[in-house]
Amino acid sequence: MSDKHRIVAPAGSPPVSAAGPARIGELRAAIDGLDERIIALLAERTRVVRELTAYKTDEATVRSPDRVRQVLDRVSGLAERNGMPPEVAVGTYRALIDELTRMQLDMLAARRAAASLADER
Ligand SMILES: O=C(O)C(=O)C[C@]1(C(=O)O)C=C[C@H](O)C=C1
């Protein structure tokens, strides 16, 4: 992580107090709520990627490295503008796109298998 986004406790930060465990519980509840929204959006994004996959006919188009670079550069900029370490956003999206690429390759293979079965008939 770059030093720019490193989190440093400001001078005079309160010491960890007895309220810590309660606050941890509250903050974890906030994280759980955010995860619900994030997953709903990722599910919507995945549905769009599935629909787009129907128009891809070969592995090179599934992998589209130029488009992957473009998406990663874009989310890096969005993260910067939203005060999030860009490395976290890029790492997350890299993992997401890897999985979606695997999903697309599986969809392509299934479509090809179905087409060749249909040809045999
Ligand atoms: O833009 C595409 O062609 C996609 O399939 C979407 C997506 C992504 O998740 O952003 C997934 C796989 C890569 O091919 C590139 C991008």
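This is a predicted model: local features need pLDDT of at least 70, side-chain atom pairs count only at pLDDT 80 or more; totals for chains, interfaces and linings use all residues.
Me: What feature does UniProt place at residues 18–108?
Reply: The UniProt record, an unreviewed entry, places the feature "domain: Chorismate mutase" there. UniProt positions are given in the numbering used here, feature names are shortened, and annotations may be inferred rather than shown by experiment.

Me: Now the ligand. Which residues are around it?
Reply: The residues around the ligand are V49, L52, V62, R63, S64, R67, V68, V71, I97, L100, T101 and Q104. A residue counts as near a molecule or strand if its C-beta atom, placed from the backbone, lies within 6 Å of it.

Me: Which elements give two or more residues to that shell?
Reply: They are α1 (20–53), α2 (59–63), α3 (65–81) and α4 (86–120). Of these, α4 gives the most, with four residues.

Me: How does the shell divide by class?
Reply: The shell around the ligand has seven nonpolar, three polar and two charged residues. Here Ala, Val, Leu, Ile, Met, Phe, Trp, Tyr, Cys and Pro count as nonpolar, Asp, Glu, Lys and Arg as charged, and the others, Gly among them, as polar.

Me: S64 is in that list. Where does S64 lie?
Reply: S64 lies in the loop between α2 and α3. S64 has a positive phi of about 25° although it is not a glycine. Most residues other than glycine have a negative phi.

Me: Why does S64 count as partly exposed?
Reply: S64 is partly exposed because 15 other C-beta atoms lie within 10 Å. A residue is buried if 20 or more other C-beta atoms lie within 10 Å of its own, exposed if 12 or fewer, and partly exposed in between, with C-beta atoms placed from the backbone.

Me: What about M103 and L42: in which helices are they?
Reply: M103 is in helix α4, and L42 is in helix α1. M103 counts as partly exposed because it has 15 C-beta neighbours inside 10 Å, whereas L42, with 12, counts as exposed. M103 and V49 are 54 residues apart in sequence and 9.6 Å apart in space, C-alpha to C-alpha.

Me: Changing topic, at what angle do α3 and α4 pack?
Reply: They pack at an angle of about 145°, with their axes 8 Å apart. Axes are lines fitted to C-alpha atoms, for helices over the stretch in contact, and angles run from 0 to 180 degrees between N-to-C directions.

Me: Which residues meet there?
Reply: V68, V71, L72, V75, S76, A79 and E80 in α3 meet P86, V88, A89, V90, Y93, R94 and I97 in α4. The residues of this contact divide into eleven nonpolar, one polar and two charged. Two residues are in contact if their C-beta atoms, placed from the backbone, lie within 7 Å.

Definitions and conventions
Residues are numbered from 1 along each chain as its sequence is written.
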